[in-house]
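Subject: Structure handover

Hello,

Please find the structure below. My notes on helix packing, the sheet and a few local features follow.

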Amino acid sequence: MDLLLLDLVIVLAAARLFGALAKRLGQPPVIGEIVAGILLGPTLLGPLIGDQLFGPEMRPPLQALANVGLVLFMFVVGLELDQKLVRGKGRIAVTVALGSTVVPFVLGCVLALSIAGEHVGRDRTLPFVLFMGAAMAATAFPVLARILTDRGMQRITLGGLALASAAVIDVLAWTVLAVVVGIAGAGEAEGQWKVLLALPYALVMFLVVKPLLARLVPAYEKAGRLTPGLLSLVLIGLIGSAWATEWMHVHFIFGAFVFGAVMPREGAERLNHEILERLEQLAVLLLLPMFFVVAGLNVNLRELDLSSLGTLAAILAVAIGGKLLGSYAAARTQRLPGRQSWTLAALLNTRGLTEIVILTVGLQKGVLDDELYSLMVVMALVTTAMTGPLVRRLYPDRRVARDIADAERAALGVTAAHRVLVVVPDPPAEQAPLVGLATALALSTSPSTPSEVVLGHLRPYPSGRLEVGIGLSSELAELTEILHELETLAATVRERGSDSRVVSRFSADVAGELPGLASGARPDLLVLPADVPGYAGMRDGATCRVVTVAVPVPPSAFEQAGPGSEPVAVHYGPGGDAAAHVALGLATLWGRPLVVIGGNRASALAKRLAKLGVEATSGPVPEGALVVAADTANVPEDVHLLVRAEQDPDPVDWAEAVSALRAPIPQP
């Protein structure tokens, strides 16, 4: 007993220490807890110290405590599984989940067939192959939820889609695992017929037990709190459900998970919150870390040789490659953009908690040997540890913040219009061509959504104290005239199909205040004359796409034209996707041909656009063309518009861009 208590002290201290260290490194605590178990086991301490502390006689009681923690944890997972996640995202979530499950499952089965002779007997080949497929296809829903919550991504569409897909993957993975455990258990001499009771058990749980559990809600409301009697009923039902599935040779984790899934949801928010509050303290702080440390104790990396490293490389290639490629391909079939598709694939590559649970089941049922178990645990650690850094690289914090702002506007009922801010210099009455360009950019950049052109103007006013008198009347009259001119320009914007508003005031420091005006407007596109005061500060501080009017453009350039009109020309090269996208939009909106300049890359883009039905050619700049180029250090001469891409831009999908540009422009 004294050694057991000492082991508990060592295990809990190591779990807390390494879990906190993993958290400081930006990793889930489960990474540190498993590493703690590996270090306490034969890998580091070796047979002398390791066997003294955690010898064969100590493993059963430690494993029993760990299993109790696993029962509570799987109940919490089933209880927290939001069945509403798939609603509204059903088709996309199911498609992505199938791609994220089927591809790694098939690759895992192929790998298992190639190594089955080295790790299992012939009578265990079928469960071994199916088990490896299920282990490769798993996604850790709890760890994924934690990663998304830490970055606030659960509030954006991509995060909700990841959670919905992971929920579907969980159902598929647990279903396959139940089949595997049933097949493995059916080979036992006693009670082979019990596996057949799994389906009646599930029907009883959902058709009989679920309505009975719904009676907990009025009892809870009558008591006003979670009484010991109510909590005892829940625990009795939970442990009884876990015992039933274990007795049927279907692992006890399924009974715990199903009992959590059939707990009442309607009107039971406060009840479930109190249950979670009570059980999570015991499970998360004490028993669950015990489970992951014990899982690490079963890993012995000392026994691995060069052939094991080859197997590990194959496991990592199948696990990571299958998940990433399967999820990405499925997401792209649903027309998700490339960046979002890769981010979703990286999120679903998380293994963590779920994988360790699955591997432990495989070890207990004799489907995995010790060597392969160790290699699969390493795979779970690698895939979990790589998720956070990879997602941050693919989807930086700026993108997340932008998506959260859009989600908040949508929640408030604010129309998500594509906003273009054009800085109007003095005198406003002469800036019709500039405003016409901004209107064209607003209508062409995002024709499928409403657009808004904001006319920003700051009138210089000498610093000093403003005195009430004749001078004030003169300045107010001047401001009134300026507002009239700006409103006239705004009226022309509205006539062309875009909404418009005016932001104008006096300023003692135009160059200093314009960047603040730009950031406050939160535009999707910023249009700047090159000679506007404070140009460099606005351009460098903007996070959105910036279009600089470098050379004055005649008013006729913004008029609708037909075949044979002056074309729009774009210098295309490295980093020139944003410029080519702007030029394509203007050419499509005005009905002008597009000329792409820049050698082989330009010729390839022109041919690609021509195949998509765009009047595009490559060659020299025609006379009278509106010339667009990327805003780089090497700018060609006589360029009218310089385009700087927004921060963290997505690669342009030209087929999707052409399709979007041909969409009808909504009227305000």
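The crossing of α14 and α17 is right-handed, a crossing being right-handed if the near helix is turned clockwise from the far one by less than a right angle, and left-handed if anticlockwise. α14 covers residues 306–333, and its axis is 10 Å from that of α17, at an angle of about 45°. Axes are lines fitted to C-alpha atoms, for helices over the stretch in contact, and angles run from 0 to 180 degrees between N-to-C directions. The two helices are therefore oblique to each other; under 35 degrees counts as roughly parallel, over 145 as roughly antiparallel, 65 to 115 as roughly perpendicular and the rest as oblique.

On the α14 side the contact (heavy atoms within 4.5 Å) is made by Ser-308, Thr-311, Leu-312, Ile-315, Leu-316, Ala-319 and Ile-320. The α17 side includes Glu-371, Leu-372, Met-376 and Met-379. By class, the contact of α14 with α17 has 12 nonpolar, three polar and one charged residues. Here Ala, Val, Leu, Ile, Met, Phe, Trp, Tyr, Cys and Pro count as nonpolar, Asp, Glu, Lys and Arg as charged, and the others, Gly among them, as polar.

This is a predicted model: local features need pLDDT of at least 70, side-chain atom pairs count only at pLDDT 80 or more, and totals for chains, interfaces and linings use all residues. Residues are numbered from 1 along each chain as its sequence is written, and side-chain values use heavy atoms, with hydrogens and water left out. Helices (H or I, at least four residues) and strands (E, at least two) are DSSP runs, numbered from the N terminus.

α17 (residues 370–394) also packs with α6 (residues 125–137): their axes come within 12 Å and cross at roughly 15°. That makes α6 roughly parallel to α17. Phe-128, Met-132, Ala-135 and Met-136 of α6 meet Leu-372, Met-376 and Met-379 of α17. The residues of this contact of α6 with α17 are seven nonpolar, no polar and no charged. The crossing of α6 and α17 is right-handed.

Next, the sheet. It is open, has 10 strands in the order β3-β2-β1-β4-β5-β10-β9-β6-β7-β8, and its pairing is mixed; two strands pair if DSSP finds at least two bridges between them. β3 (499–507) and β8 (616–618) stand at the edges with a single partner strand each, so one side of each is left without a neighbour in the sheet. Neighbouring strands are turned by 20° against each other on average, direction ignored.

β1 (residues 418–423) and β4 (residues 525–529) run parallel and are joined by three bridges, with Leu-525 as the bridge partner of Val-420. β4 and β5 also run parallel, joined by five bridges; Leu-526 stands opposite Val-546 in β5.

How many residues of strand β5 (residues 545–549) are buried? Five of the five are, so β5 is largely enclosed by the rest of the structure. Buried means under 20% relative accessible area, exposed over 50%, and partly exposed in between (1.4 Å probe, protein chains only). Arg-545, Val-547 and Val-549 point one way from β5, Val-546 and Thr-548 the other.

Two helices lie across strands of the sheet. α21 (residues 510–521) lies across β1, β2 and β3, at about 160° to β2. α24 (residues 600–611) lies across β7 and β8, at about 160° to β8.

Lastly, a cis peptide bond joins Asp-426 and Pro-427, with omega about -10°. Pro-427 is found in the loop between β1 and α19.

Regards
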